[in-house]
Protein chains: 2
Amino acid sequence: MEGAQSFLATEYYYLGIFMVIMSIAIFSLLSIVTPEDGRTRNDEVRNGIFSTISFVLGGATSILSGYLGMQIATYANARTAVEARKGIAPAFMCAFRSGAVMGFLLSGFGLLNLFLAITVFLKFYGDDWKGLFEAITGYGLGGSSIALFGRVAGGIYTKAADVGADLVGKVEKDIPEDDPRNPAVIADNVGDNVGDIAGMGADLFGSFAESTCAALVISAVSSLGKEHDYSGMLFPLLISATGILVCLATTFIATDLKPARVIAEIEHTLKMQLIISTVLMTPVAAGVALWALPASFTLSVPSSTPDKPFDEKVVKNWYMFVCVATGLWGGLLVGLQTEYFTSNRYKPVQDVADACRTGAATDIIFGLALGYKSCIIPTIVIGIAIYVGTSLAGMFGIACCALGMLSTLATGLAIDAYGPISDNAGGIAEMAGMGEDIRERTDALDAAGNTTAAIGKGFAIGSAALVSLALFGAYVTRSKIDMIHSSILDPRVFSGLLLGAMLPYWFSAMTMKSVGKAALAMVHEVRRQFNTIAGLMEGTTRPDYKRCVAISTQAAISEMVAPGALVMFTPVVVGTLFGTQCLAGVLAGSLVSGVQLAVSMSNTGGAWDNAKKYIEAGATEHARELGGKGSDCHKAAVIGDTVGDPLKDTSGPSLNILIKLMAVESLVFAPFFYNCAHGQGLIFQFFGLA
Amino acid sequence: MEGAQSFLATEYYYLGIFMVIMSIAIFSLLSIVTPEDGRTRNDEVRNGIFSTISFVLGGATSILSGYLGMQIATYANARTAVEARKGIAPAFMCAFRSGAVMGFLLSGFGLLNLFLAITVFLKFYGDDWKGLFEAITGYGLGGSSIALFGRVAGGIYTKAADVGADLVGKVEKDIPEDDPRNPAVIADNVGDNVGDIAGMGADLFGSFAESTCAALVISAVSSLGKEHDYSGMLFPLLISATGILVCLATTFIATDLKPARVIAEIEHTLKMQLIISTVLMTPVAAGVALWALPASFTLSVPSSTPDKPFDEKVVKNWYMFVCVATGLWGGLLVGLQTEYFTSNRYKPVQDVADACRTGAATDIIFGLALGYKSCIIPTIVIGIAIYVGTSLAGMFGIACCALGMLSTLATGLAIDAYGPISDNAGGIAEMAGMGEDIRERTDALDAAGNTTAAIGKGFAIGSAALVSLALFGAYVTRSKIDMIHSSILDPRVFSGLLLGAMLPYWFSAMTMKSVGKAALAMVHEVRRQFNTIAGLMEGTTRPDYKRCVAISTQAAISEMVAPGALVMFTPVVVGTLFGTQCLAGVLAGSLVSGVQLAVSMSNTGGAWDNAKKYIEAGATEHARELGGKGSDCHKAAVIGDTVGDPLKDTSGPSLNILIKLMAVESLVFAPFFYNCAHGQGLIFQFFGLA
Ligand SMILES: [K+]
Ligand SMILES: [K+]
Ligand SMILES: [Mg+2]
Ligand SMILES: [Mg+2]
Ligand SMILES: [Mg+2]
Ligand SMILES: [Mg+2]
Ligand SMILES: [Mg+2]
Ligand SMILES: [Mg+2]
Ligand SMILES: [Mg+2]
Ligand SMILES: [Mg+2]
Ligand SMILES: [Mg+2]
Ligand SMILES: [Mg+2]
C-alpha cells in the first residue's frame, strides 16, 4: 500500500503550506488587535503567539494521528486477510484488535498533547488562566482544519475510485468487487484507508479537541478559573482520560470474555461494546464529577434581565454529572437508531431493498425518504441535550454533554476503524486470489462494519452538533454579544441564520460535484484500459493501476481547495465585513441545517449500501425473492449504492467538520472581529450603519 | 376529464370535514382566552368568531380558485391541442391566454374577497382596527391550510401516476409518453391538472393572502392604524391591485405586440413577460407608495435597548417603495437564476445530461449537486431583502418585500399554468392519435413550460420565505416575545431552531415515501394489466384506466393525512406544551432549513426533467452525441427524471406551504398560546420551570 503513503505525503505537503499561511494569519490578526478592557499590547501579542503555537500543535497531532492510523490499518488489512484463512473468530479478533489499537492511540495521543500544552503554557501565563485557555482554543482549530482537508480530500479520493471501479467493473463488465483485473481496484482500496481511517480519525480527534477546548475556555471565566481550582479546571480532561480506561476495560469483553465466534454474533458483539462502555462510564463520570469539582461553583451565563449582560449561575457538581450522562446516553441512542436505519437486519433497509423491484428510481426515492426520516430522533436527542445542558450549566453544560458523548470515543473509533479494515481485508483476499470461502468470511465481517461505520458517523454528527454549539457559546461571549444582540428578530442575525443554513448545501454541491467529476475521469480511464489493454479481461495482462491512483490523487488534492476555502474564509469574511452578530447567525444557521443534511446523507448512503448487500447475501426468504447478485433488483441497488457513496463518505461526514470548524475559527478570531468596528462589520461601518 | 372533477369532489369532501373541525378549534380556543390588558370577554369571543369567519372565507376562496382553475385548464388542454393543428403560433396563443385567464382570475378573486371581508368586518369592529386585522389573519390560515392539502394530495396523485406510467411504459415497454395503451395515462394527465394547476394556484393564492394579512396586522398597530388612515392601511391591497393592472398591460405584449411565432421564441416570450411586468411595476409601486401613504408615519419595532420592549420607528413613504421594489426585483432575480439552473439551454442542465454517459448514478449525483448549488443566489437575495426590509421598516418592511415579489403574481401564475396546459395538450394529442407533427409542436410548448414552471416554483419559495418571516414577526409581537426572549442563546429558542430545521425533512420523508408507495402500487397495477389484458400492447383492447385513477385517488386522499397533521399539529403542540419561545425557534428553524430543501428539490427535479428532454430533442451537436431516445444515456436520464418527479412536484413545493402555514397558524393561535402559562408552555409549567 505505498499508494496510501504517497498520497498522504502529497496531501501533507500541501497541508504544510496551508498551516504556514494560516499560522501567519492567526499570529498577525490576533497581535494587531487594539488592547481594551485593561489589556496591554503584550497581552495581545502573547495571545497571538500562543494561539499560533497551539494551532500548530493541534494540526501536527492531527496529521500524526492520521499517519499512524494509516500505518496500523495497512498492516491490519493484510493480517486480517491471513487470519481469515483460520476462520471467522481469529479474523474478527484481528480486525477488532487493530481497530482498538487505533482508537486508544488516537484518543490517548490527543489527550496527552493537550495536557502537555496546558502544562507548558501555564509557565508563561502564570495567573492569567483566562488568557491561557483562550489561546489553547487554537489546538481545536488546528485539529479541525487538518481534519477538514483530510475528510474532503480522503472522501473525494476514496469515492472517485470506488464509484469509478464499480460503474465499469460491476455494472458494465460484471466482474466482482475488488477483482484484480479492475484497473481502479488499488485506488479503491487505498481510498478506504485514506478516507475512512485517516479522515474519520482526524474528524473525531477534532471533535474531542474542540469540545475540551470549549469546556476549558468557558470554565476559565467561571469561579473554577478565577479561584485557580486546578482539578476543577481539568474536569473535561479527566472525563476523557477515565473514558479511555473504561473503553479499555470494555474491550476485554470482546477479546476475552465473549468474543464473536460465528458470523451472526459479529454485529451484536460490536454493538455491545458501545452499550457496555456507556453503562460502565456512567458511575465513573459521577465519581469524577463529585471528586474533581467543588460541591458548587459559579458560572457566568448570558443574562435574561435587561440591565446586566451576565448572571452568575450557581452550579452543583452533580449537575455536571447529569450533563455528561445526558451526552453519554444521548450518543448511545443516536448510535442505536442509526443502526436501526442502516442495518439490513431491520425493516427500513429491507423496504429500500424491496423498492429495487421497480428499479433504481424507486430505490433512490425510498432511500432519500429513509435518510430524511432518520433525522427525527437525533434532532430530538440533541435538542433535549441542549435544553438540559444549558438549563443546568449554560454553555459549559453543552460542552460537558459533548464530552460525555465523546467519552466513549476510543470504543467508537475502534468499532468504526474495524469497518474499513475488514473491507480491505476482503480486497486483499480477492486480489491475492485466496478463494471463495475466505472472501465470504471477510464479506461478513465487512457487512457488520458498514453498520458500525454508520454508527460512528452518527456519533460524529451528534457530538459535532453539541461541540459546535458550545464553541458558538464561547464565541458569543468572547465577541461580547448579549441576549438582545443575538435575537432572531435582529435582521443581521436572521439574515446570517439564512445564509448559514445555505452553507452546508453550497459545500455539498462542491464535494458532490468533485466526486462526480473525478469518478467520470476514472470511468473513462478504466474503460480505456479495458478497451486498449489486450488480455486484461482474461486476466493475462495486469492493468495500469498507477494511472488510476494518479487520477484519484490529483482529483483529491485539487478539488479539496474550493470547499476548504469556503469553510475557512466564510467566518473571516462575514466576521470582518458583516460583523459579529451576522456571524453568530451564520454559525447557528449552518449548525441547525448542517446537522440534518449530514444525518440524512450518511444514513441514506449507508442504507443503500446495505440494501445492496442484503440482496447479495440473500440471507432471508424475502432477500432471495429479490434475485441475488446479477438480477435486475441487484443492478438497481448498485445504482443506489453508487449514488450513496459520495453522500455517506464525502459530503455527509465533511459537514460535521464544516459546522465545528467555522465555530472554532470564529472563537479564535473573535477578538479580531470585535476589533473591526467594534464587531459591527466594516461594510456596515462604511455605509454608516454600524 | 371527469377524473379530475371526481378527484376534486372527493378531496373537497374531506377538506370540508377538516374545515369544520378546524373552525370549531379556532372558535373555541380563541374564545376561552382569559382577557388581559383591558380586553373583555366580549373582545375575545368576537376575535374567535371573526377569525373563524375569515378562516372559512379563506378556505372557501382557495377551494373555489382551485376548482375554477381546473375548469379552465381542462377546457384549455383540449383547445390547445386543436389549435396545435394550425401551427405553433395559435397553439402558443391559446395556452398562454388560458394561463393568463387563470392568473387574473385567481389573483383578482383573492383580492376581492379579502377587500369585501375587511369592509364588512369594519361594520362590526368600528374603531378597533387592531382587533379587526388580527381576526383577518384567519383568511391567510384558511387559504394556506387548503393549499397544503391541495399541494400534498395533488402532488401525490400526479406523481404516483406519472412515475408509475413512466416506469412501466417508458422504461419497460418502450412505448412513448402519454401512449393510450398505458393504463396509467389518464391518471397521469388528470394529475397534471390537480397537482400542477389546482395545487400551485392554491399555493400562490395562500402566499398572497398571508403576505397581505401579515402587512395588515403589523400596520394595524402603526400610526396608520391608530390614526385610522384608510388609504395607508390599504396600501398592501393597492399594491396587489395595481399589480394586476400592470400584468394585464404586460400580456398584450405576448398576445398582440410580439407573440411567439416559432419554437425558439417561446421561452423568450414567456421570460419577457416576467421582466416587463417587473419593469412596469416599479414606477407604479413608487406612485402607489407616494400617493397612499403619508409622507412619514411611525411603526412599533422590537427595541434593542434593554429598558423598553418597543421603539417607535419613523418611516418615510418612499422607504416602503424601496421595500416593494426590493421584493419585486429580488423575485425576478430568483426567477432568472432558476431558469439558468433548470433550462436545458444552459450549461448546468447540459452537464447533468452529459453525466448520463456513465449511467444513472452519475446523473443523480450531478443533479443533486446542481440543486444544492442553486440555493446560493436565492438565499443571498432573500437575505438582502430581509436586511433591507427590516432596517427600513421592521417586519412591515418584510411584508412589503413579499408583496412586491407577489405583485406580479398574475404574470407568474399565467406562465406557470401555461406549463401543465401545454403538457396536457400533448397528452391529448397523443391519445387522440393526432399525428407526429402536432405532438412535436406541443412538446416544444411543454419544454418551455417546464422551465417556466420551475421559475414559478422559485417565486413561490422566495415569496414564501418572506411571507413566513413577516408572519413570524407578527406572531412574535402578538405573543409578547421581546428581543431578549428570542435570543439564540436561550436554550428554548435554540432547541426550537434545531427541531424546526428538522421538520422539513420529516415532512419530506413522509411525502416522498407516499409517492414511492403509491407509485409501486401503480406499477404493479400497470404491469398486471399489460400481463393479463390480451391485445393491450397491440392497441386492440383498451386498458382499464379507472383502476389506475382509483389507485391515485385513494393514495392521495389517505396519504395526505399524516403530513397534513404534522404541519397542523406542530405549532399547536409546541406552542401549548413548550411555550411561545420554543415555537418562535421552531418557526425560524423550519424557515431557514425549509427554504434550502425546497429550492434544491425543485431545481434538482427540474434539471433532471429537462436533461432528459435535452437528450430526447437532440437540438445541439452535444445533445445528439448522447444518443437520443432509447439510448443508454436516455435510459439513465429517465431514471433521474423519475426520481425528480416527487422532489419537484410533491415534496419541494409542499415545503413552501409548510413554512408559511406553521407561521400563520402560530399567529392566529398566539393569544391562546400566551394564555397557556403566559406563553411558558404547560410542560415547563408542570415541572416548575416556567
Ligand atoms: K467503504
Ligand atoms: K409535469
Ligand atoms: Mg465499491
Ligand atoms: Mg472503497
Ligand atoms: Mg472495498
Ligand atoms: Mg464496507
Ligand atoms: Mg458503497
Ligand atoms: Mg411522465
Ligand atoms: Mg404528469
Ligand atoms: Mg404529460
Ligand atoms: Mg411538463
Ligand atoms: Mg418528470
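Over all chains, the count comes to 71 salt bridges, a salt bridge being a side-chain nitrogen of Lys or Arg within 4 Å of a carboxyl oxygen of Asp or Glu. This is a predicted model, where local features need pLDDT of at least 70, side-chain atom pairs count only at pLDDT 80 or more, and totals for chains, interfaces and linings use all residues. Residues are numbered from 1 along each chain as its sequence is written, chains are lettered from A and ligands numbered from 1 in the order in which they are written, and side-chain values use heavy atoms, with hydrogens and water left out.

- Side chains of opposite charge can pair when their charged atoms come close.
- A:Arg46 and A:Asp128 meet through their side chains at 3.2 Å, N to O. This pair links distant parts of the chain, 82 residues apart, with A:Arg46 in helix 2 (residues 41–83) and A:Asp128 in the loop between helix 3 (88–125) and helix 4 of chain A. Helices here are DSSP runs (H or I, at least four residues), numbered from the N terminus.
- A:Arg46 is partly exposed at a relative accessible area of 21%, and A:Asp128 is partly exposed at 27%. For these labels, buried means under 20% relative accessible area, exposed over 50%, and partly exposed in between (1.4 Å probe, protein chains only).
- A:Arg345 and A:Glu267 also form a salt bridge, at 3.2 Å, N to O. Here 78 residues separate the partners: A:Arg345 sits in the loop between helix 10 (317–342) and helix 11 (347–355) of chain A, and A:Glu267 in helix 9 (residues 263–292).
- A:Glu267 counts as buried at 12% relative accessibility, whereas A:Arg345 is partly exposed at 46%.
- In chain B, the side chains of B:Glu339 and B:Arg345 meet at 3.1 Å, N to O. B:Glu339 is buried at 3% relative accessibility, while B:Arg345 is partly exposed at 47%.

**Where the chains meet**

- 78 residues of chain B are in contact with 78 residues of chain A, contact meaning heavy atoms within 4.5 Å.
- Between them the two chains bury about 7100 Å², 83% of it on carbon and sulfur atoms. Buried area is the accessible area (1.4 Å probe) that two parts lose on being put together, summed over both.
- There are 2 salt bridges between chain B and chain A. B:Lys513 forms a salt bridge with A:Asp351, with the closest N and O atoms 3.6 Å apart.
- On the side of chain B that touches chain A, helix 16 of chain B gives the most, with 21 residues.

**Positive phi angles**

- Most residues other than glycine have a negative phi.
- A:Asp174 has a positive phi of about 55° although it is not a glycine. This residue lies in the loop between helix 4 (129–172) and helix 5 (185–220) of chain A, and A:Asp174 counts as exposed at 56% relative accessibility.
- B:Lys480, also not a glycine, has a positive phi of about 60°. B:Lys480 is found in the loop between helix 15 and helix 16 of chain B and is partly exposed, at 42%.

Terms used
Helix = DSSP H or I, 4+ residues; strand = E, 2+ residues; numbered from the N terminus.
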